[in-house]
Amino acid sequence: MISGSWFERQKNIIDYSLQSLLRRRSKNILILIIFILLVFAVSAILFITGSLTKEMMITSNDLPDITVQRILGGRQVNIPASFIPEIEKIPGVEAVETRVWGYFYLASLQANFTIYGMDLTLLEDGEYRKIVNWKNIPDQAENQSLSSRPDFRMIIGQGVFELLKDIQMEKAYLFYQPSWEKPIPFDIIGTFKTETELQSNDLMVLQTEGARRVLELPPDEFTDLVVYVPNPEEIENIALKIRRYFPALRTVTRAQIQNTYASVFGWKSAFVLSSLLVAILAFLILIWDKASGLSPDEKREIGILKAIGWDTDVVLSVKFWEGFILSGIASLAGILLAYAYIYWLRAPGLREIFIGWSTIYPSFQLIPDVDPKFLLLIVTISVVPYLAVTVFPAWKAAITDPDVIMRNIG
Amino acid sequence: MRYSSWLVIVMVVFCLWSGLEYRHFHKQLLETRQHFNVRCRFQKAIGLPNLAITSAARYLRHYSITDLTTPFQDYPASPDHFPAGFAFVPPDYSNMPSPIVFGNPEK
């Protein structure tokens, strides 16, 4: 059995290892299933959090340089226009832009929309035209009718569109709050392209004046300001100056937003921590069970093999292959299943954790984020410890006198 | 058939499966590259950060620019009311305005 070339020899040993695994079929299948589930859980979490972070990071360089908010009583409040010339005076500031945005809760659909006010004509021409699927303007006549109420137009995200379609409001939408005298109708002139779904899904971009009406924002007040600084080296300094000169203002620089992106689903989040702790604990129990020693049957088997003339190294090879085949198949299957689950099936069950109670959410078609380093880490921390705890007890049994083992007096 | 031959068959199946997933991975990356310009333009036009994966609460939707007291209302890292809050780390407060500034700094 152990003669022939090295390759033939290993093949025979693998044959024997597989037979040995199959002999204790139920126990090994159980270990395999638990092992696959553990690797699957850890990989799935790494995949989904990595992909979400990547999705955020991919456009982060196009964020404004500094976002300026006014904080009153620990809460963000509207910022008056009087701050704008003061901030513009700071050397190094190229431009200060105002933003009007907020949220609109539609009780009947239990949906939270993000309302963003801007001059929609900016999106109508040039390079920005490509981000919108233009609708409701099939001919010049209708175009004219729309332009008669230019302040009451909006472009919506795909998710909002689907929702409004259900209530037959996909062409025009009536904003209404019980405190208002009458509803405010808005024509929907387009939807954002599905490529931007992860950013635009819950968004309603309104003409600024219309947005002011919906958000009930007084004139000369804005939700926040955006400061552009051409020299990236100066951004931190200018943010510091703004905070020093105007203690009521809070600044958020692009680098800070990128930092929050990098850490938002990090190790500290309860989701990642709890999933990993459970996985690690389960793996430790598995390892503990293995490390606590071989069963009397397994010991007797090693004793018999030694007694009929097998060398210790061949016995160890058998055990090595047993552990390697089991943990290797489990790691590979776990990782491949996790990939299929996250990127093919779009993480059913897991995505609900991220969606929470939202009514509008995107389709979760994420950019795959498969880091070879992580894969190697997963394989290393699953295969190597398992191999160690499989081979070590076998080595202990193999160096004991076969007679002692077979009589079970060891 | 020998047991080792079965193992080889299993490995071949795994290789094919990996190949399929790699193809998908590659296709997705190409698609991402094609969509990259549209997404960057969108980000430039609408300067709001964060992904629209949850709109349950405003501090989850615009996590990076939320005000300081809205999330985790009782104390930092307190268990959150909204289920999606479970997946988010408490925001970094290190960018708070320095709390004590004496005098009126010169402009």
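## A briefing on chain A

In this predicted model, helix α1 (residues 6–23) of chain A packs against helix α13 (residues 312–344) of chain A at an angle of about 65°, and their axes are 9 Å apart. The crossing of α1(A) and α13(A) is right-handed. Helix α13(A) will come up again below, at the contact with chain B.

**The α1–α13 pair**

- On the α1(A) side, the contact is made by A:Ile13, A:Ile14, A:Tyr16, A:Ser17, A:Ser20 and A:Leu21.
- Helix α13(A) brings A:Val314, A:Ser317, A:Val318, A:Trp321, A:Glu322, A:Ile325 and A:Leu326 to the contact.
- Sorted by class, the contact of α1(A) with α13(A) has nine nonpolar residues, three polar and one charged.
- An α-helix has 3.6 residues a turn, so residues three or four places apart point the same way.

**Chain A as a whole**

- Chain A contains 16 helices and 13 strands.
- Its radius of gyration is 32 Å, whereas a compact globule of 410 residues would have one near 22 Å.
- Along the principal axes, the C-alpha trace of chain A spans about 100 × 50 × 40 Å.
- Buried residues make up 37% of the 410 residues of chain A.
- Among contacts in chain A with a separation of 6 or more, 81% are between residues 24 or more positions apart.

**Two domains**

- Chain A is divided into domain 1 (6–58 + 265–406) and domain 2 (64–263).
- The C-alpha centres of these two domains of chain A lie 49 Å apart.
- Where they touch, ten residues of domain 1 of chain A are in contact with 13 residues of domain 2 of chain A.
- The domain 1 side of that contact has five nonpolar, four polar and one charged residues.

**Where chain A meets chain B**

- The contact draws 81 residues from chain A and 57 residues from chain B.
- On the side of chain A that touches chain B, α13(A) gives the most, with seven residues.
- By class, the residues on that side of chain A divide into 45 nonpolar, 21 polar and 15 charged.

**Helix α6 and A:Val160**

- Helix α6 (residues 158–166) of chain A has these buried residues: A:Gln158, A:Gly159, A:Val160, A:Phe161, A:Leu163 and A:Leu164.
- The cover over the buried residues of α6(A) includes β5 (111–118), β7 (153–156), β8 (172–175), β9 (184–192), α7 and β10 (203–207) of chain A.
- A:Val160 counts as buried because 28 other C-beta atoms lie within 10 Å, and the cut-off for buried is 20 or more.
- Leaving aside neighbours within four places in sequence, A:Val160 is in contact with A:Phe113, A:Asp202, A:Leu203, A:Met204 and A:Ile360.
- A:Val160 and A:Ser200 are 40 residues apart in sequence, with their C-alpha atoms 9.1 Å apart in space.
- Just after α6(A), A:Gln168 takes a positive phi of about 55°.

**Helix α7 and A:Glu197**

- A:Glu197 lies in helix α7 (residues 197–200) of chain A.
- A:Glu197 is buried because 21 other C-beta atoms lie within 10 Å.
- Setting aside neighbours within four places in sequence, A:Glu197 is in contact with A:Gln158, A:Pro362 and A:Ser363.
- A:Glu197 and A:Pro362 are 165 residues apart along the chain, yet their C-alpha atoms are separated by 6.2 Å.

Definitions and conventions
Residues numbered from 1 in each chain as written. Chains lettered and ligands numbered in written order. Predicted model: local features only at pLDDT ≥ 70, side-chain atom pairs only at ≥ 80, totals over all residues. Axes fitted to C-alpha atoms, helices over the stretch in contact; angles between N-to-C directions. Helix = DSSP H or I, 4+ residues; strand = E, 2+ residues; numbered from the N terminus. Left-handed = near helix turned anticlockwise from the far one by under 90°. Contact = placed C-beta atoms within 7 Å. Nonpolar A, V, L, I, M, F, W, Y, C, P; charged D, E, K, R; others polar. Rg over C-alpha atoms; globule rule 2.2 N^0.38 Å. Buried ≥ 20, exposed ≤ 12 C-beta atoms within 10 Å, placed from the backbone. Domains from an automatic or database assignment.
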